[in-house]
Amino acid sequence: MIEVKNLVKRYGTNTALKGISFKVERGHIYGFLGPNGAGKSTTMNIITGCLAATEGEVIINGHDIFEESVEAKRSIGYLPEQPPVYPDMTPAEYLTFVAEAKGIEQKDVYEKVNEVMEMTGLVPMQKRLIKNLSKGYRQRVGIAQAILGDPEVIILDEPTVGLDPKQIIEIRQLITSLGQKHTVILSSHILSEISAVCDYIIIISRGRVVASDTLANIRAKLSEDKKLELLVRGDENKIRMTLNEIEGIESYETALDEAENAVRVILQCVKHADIREALFFAFSEMHYPVLSMTDVSATLEDVFLNLTEEASTAEEEEEEAPAPVYKLPEEEREEDEVEERTEDDASEDVSDDDDDDYTPMFGGKE
Ligand code: ADP
Ligand code: MG
């Protein structure tokens with residue numbers, strides 16, 4: 001229902017999106033995951049027609065967001081990173097204003113506004129000025145304006161940033177319940193945020209999609225590769241000989257742990273193999289006590305970090321790094337990385353070049 005094709009966005013000399021493509025099917029909750037500065041907000045602003053792309057296409061329910069923006073925007077509700085709420089209005093007033101801007105018929109406005117206030121738990125706060133609401137409630141007002149008019153797709157840019165843990169849980173529940181009736185796209189730089197509510201993950205890094213799959217598939221792939229860490233008290237050579245005999249070990253490393261007076265083994269299992277019992281019995285037969293056995297398999301977090309790091313390393317080699325004159329000695333490399341990060345951060349703050357690209361938030365009927 002949403003097709004994003006090869007989006008490129010340049011802000012002056014900075015290319016924020018370098019060819020983003022993905023598809024969104026009806027009825028799922030999509031997580032748009034990536035570190036700060038990856039290009040999430042830029043992509044969402046383009047998909048929702050708030051920002052023009054330099055290149056590429058966005059088709060929503062058959063309508064091009066640039067060419068038939070009114071039709072395309074009708075199926076989208078958007079909560080931008082900075083919620084467009086008016087601090088001097090009450091939620092009820094503000095939502096009534098939004099309902100009218102979205103072209104909801106006058107006779108339905110009252111009912112629709114009440115409906116979204118109920119869905120987002122705003123009823124008790126409806127008469128308080130928005131500026132006097134907590135951040136959590138203000139965020140609900142932002143979500144309420146996005147779901148007004150019952151759009152098929154709801155797009156939320158970092159909806160839980162700045163909320164306390166209790167508010168985060170509440171907003172998550174709200175998003176999950178929205179997912180029952182709507183297609184939801186939600187961005188975050190925090191993996192746990194996405195894995196808690198989304199069934200599909202699109203990971204972006206430095207303006208590119210580096211992974212896109214269902215959460216279930218990513219987890220299944222992870223569980224294929226088990227990695228174990230053991231602490232065994234005994235002779236290192238004999239331990240290695242025993243490990244060589246056990247089936248299901250792909251590779252292993254051993255090292256003496258002097259503090260524990262034991263040998264630390266890290267081993268990678270063959271796909272799908274569970275060799276914990278075999279290890280236990282092999283060493284107990286030798287009277288070598290296994291002091292500990294821990295599953296240190298890659299987690300979702302590792303996958304995320306790996307993917308986003310790989311993309312940035314590739315990137316540096318590809319275009320950003322000037323031809324190195326000399327090779328840095330080992331110790332100085334870290335410093336070099338720190339320097340680059342600062343440059344990046346600074347470039348993130350430059351955000352005033354392209355203001356003229358913005359079009360008003362609400363598509364509505366004209
Ligand atoms: P994210 O939402 O993933 O944190 P953004 O889409 O906000 O990332 O930003 C992607 C990149 O584009 C960053 O490097 C940021 O500095 C740059 N950028 C974003 N908006 C602007 C702007 N209006 N002008 C110039 N650069 C911008
Ligand atoms: Mg952002």
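An open sheet of 4 strands runs in the order S12-S13-S11-S14, with antiparallel pairing. The model is predicted. Its edge strands are S12 (249-257) and S14 (290-295), each of which pairs on one side only. On average, and ignoring direction, neighbouring strands of this sheet are turned by 15 degrees against each other.

**Strand pairing and helices on the sheet**

- Strand S11 (residues 227-232) pairs with S14 in the antiparallel sense, over 5 bridges.
- In this pairing Val 232 is placed opposite Val 290 of S14.
- Helix H9 (residues 236-245) packs on the sheet and touches S11, S12 and strand S13 (262-269).
- The direction of H9 makes about 170 degrees with that of S12.
- Helix H10 (residues 276-285) lies across S11 and S14, and H10 runs at about 170 degrees to S14.

- Strand S1 (residues 2-11) and strand S2 (residues 14-24) run antiparallel and are joined by 8 bridges.
- Val 8 stands opposite Lys 18, a residue of S2.
- The hairpin has 2 residues between the strands, and Gly 12 takes a positive phi near 60 degrees there.

**The contact of H3 and H4**

- Two packed helices are described by the angle between their axes and the distance between the axes.
- For helix H3 (residues 91-101) and helix H4 (residues 106-119), the axes come within 9 Å and cross at roughly 125 degrees.
- An angle of this kind falls between the ranges for roughly perpendicular (65 to 115 degrees) and roughly antiparallel (over 145), so H3 and H4 are oblique to each other.
- The crossing in which H3 passes H4 is right-handed.
- H3 contributes Pro 91, Ala 92, Leu 95, Thr 96, Ala 99 and Glu 100 to the contact, while H4 contributes Val 109, Lys 112, Val 113, Val 116 and Met 117.
- Sorted by class, the contact of H3 with H4 has 8 nonpolar, 1 polar and 2 charged residues.

**The protein as a whole**

- The protein has 12 helices and 14 strands.
- Of its 366 residues, 32% count as buried.
- Among contacts with a separation of 6 or more, 70% are accounted for by residues 24 or more positions apart.

Definitions and conventions:
Residues numbered from 1 in each chain as written. Chains lettered and ligands numbered in written order. Predicted model: local features only at pLDDT ≥ 70, side-chain atom pairs only at ≥ 80, totals over all residues. Axes fitted to C-alpha atoms, helices over the stretch in contact; angles between N-to-C directions. Parallel < 35°, antiparallel > 145°, perpendicular 65-115°, else oblique. Left-handed = near helix turned anticlockwise from the far one by under 90°. Contact = placed C-beta atoms within 7 Å. Nonpolar A, V, L, I, M, F, W, Y, C, P; charged D, E, K, R; others polar. Pairing = 2+ DSSP bridges. Buried ≥ 20, exposed ≤ 12 C-beta atoms within 10 Å, placed from the backbone.
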